[in-house]
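Keep the picture in view as you read.

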Amino acid sequence: KDILGYVGVEVIEADPRDVNVYTLYDRESVASGDTLFLYFIVAHLKASNSSSDRAKRAQASQNIIDWMDENGRGKHVILLGDFNFSAATEDGFQNLVKQTAPEIDFFDPVGRENNWNGPLHTMIHTQSPRTVSNDCGVTGGLDDRFDIILLSDAIKNEDRGVFYKTDTYEVFGNGGDSYDRELRCRADGPVSLTVCAALKQFSDHLPVSIELGLPTLSTSIEPTAKARIYVQNPVKDILTVRWENSQVVKEIKVINSIGQVMGQKSVSPGQA
């Protein structure tokens with residue numbers, strides 16, 4: 001909450017569950033007069049694999065692309081959720097990543113636009129971490145990639161300094177050695193034995209995460225001064241600002257995310 005603010009939510013209609021679009025903003029960008037918005041599209045598409053189920057997933061994904069066409073062009077959009085796609089070749093997934101119109105289509109950070117099935121792709125499988133039922137969810141071992149994060153073209157192209165940090169896409173707890181079996185817990189695994197055991201109990205899915213980079217804290221100075229101003233980012237409680245004492249700095253202002261001046265200081269000659 002120190003980094004992002006909340007704007008609101010809208011709905012993309014789908015069957016059997018609607019898709020939500022949550023709009024957030026980068027607090028730091030507000031003072032510049034050009035607020036940076038991030039759009040998180042959260043979906044839980046139809047489960048199972050009949051022709052009717054696949055058709056409902058395909059329609060829902062097309063509805064998402066239609067929203068992108070109307071509202072998301074050139075925007076920083078993160079699409080994520082439980083999609084229940086049986087394979088990368090399924091129409092629903094291809095609707096999202098076909099790249100016939102990159103400005104509205106999505107890209108897969110791990111580059112599995114054409115295939116993710118089989119033991120070579122174990123690291124990104126999310127269901128199921130169990131082979132024995134605990135009365136919650138399905139069993140069957142890790143061999144499906146139902147839970148996915150996709151990113152818009154603006155993030156792929158690092159527009160306005162928003163970017164995907166390479167190799168940070170992670171299926172939490174999946175060490176890549178559990179294909180078609182329960183999640184393997186080992187002392188040298190990606191998570192502790194206790195956490196691994198909990199992952200097998202709390203759900204029939206594993207969490208997925210990525211890291212995104214945002215623009216760093218900016219400074220505004222007199223153009224003729226060519227000053228170098230140093231600040232730490234992120235900031236908590238205390239903001240330290242320093243510059244070389246030979247540089248011309250007349251005044252420092254600290255402005256919060258809604259444009260209020262929180263602090264202001266005149267600078268004496270030679271002060272650093």
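## The disulfide

A disulfide is a pair of cysteine sulfur atoms within 2.5 Å. This is a predicted model, and a search of the whole structure turns up one disulfide. Its partners are Cys-185 and Cys-196, with sulfur atoms 2.0 Å apart. The link of Cys-185 and Cys-196 is left-handed, with -85° about the S-S bond.

Where do the two partners sit? Cys-185 is in the loop between strand E8 (170–171) and H4, while Cys-196 is in helix H4, so the pair ties together parts that are 11 residues apart in sequence. Cys-185 has 28% relative accessibility and counts as partly exposed, whereas Cys-196 has 2% and counts as buried.

## The largest nonpolar core

In soluble globular proteins, nonpolar side chains tend to be buried together. Here, the largest nonpolar core has 45 residues, of which Ile-41, Leu-96 and Phe-106 touch the most other members. Several elements each supply at least two residues of this core, including strand E3 (37–44), helix H2 (91–97), strand E6 (147–152) and helix H4 (193–202). Which element gives the largest share of this core? That is H1, with five residues.

Now zoom in on Phe-106. Leaving aside its neighbours within four places in sequence, Phe-106 is in contact with a list of residues that includes Ile-41, Ile-64, Met-68, Leu-96 and Leu-150.

Definitions and conventions: Residues numbered from 1 in each chain as written. Predicted model: local features only at pLDDT ≥ 70, side-chain atom pairs only at ≥ 80, totals over all residues. Heavy atoms only, no water. Core = buried A, V, L, I, M, F, W, Y, C linked by side-chain atoms within 4.5 Å. Buried < 20%, exposed > 50% of the residue type's maximum accessible area, 1.4 Å probe, protein only. Helix = DSSP H or I, 4+ residues; strand = E, 2+ residues; numbered from the N terminus. Contact = heavy atoms within 4.5 Å.
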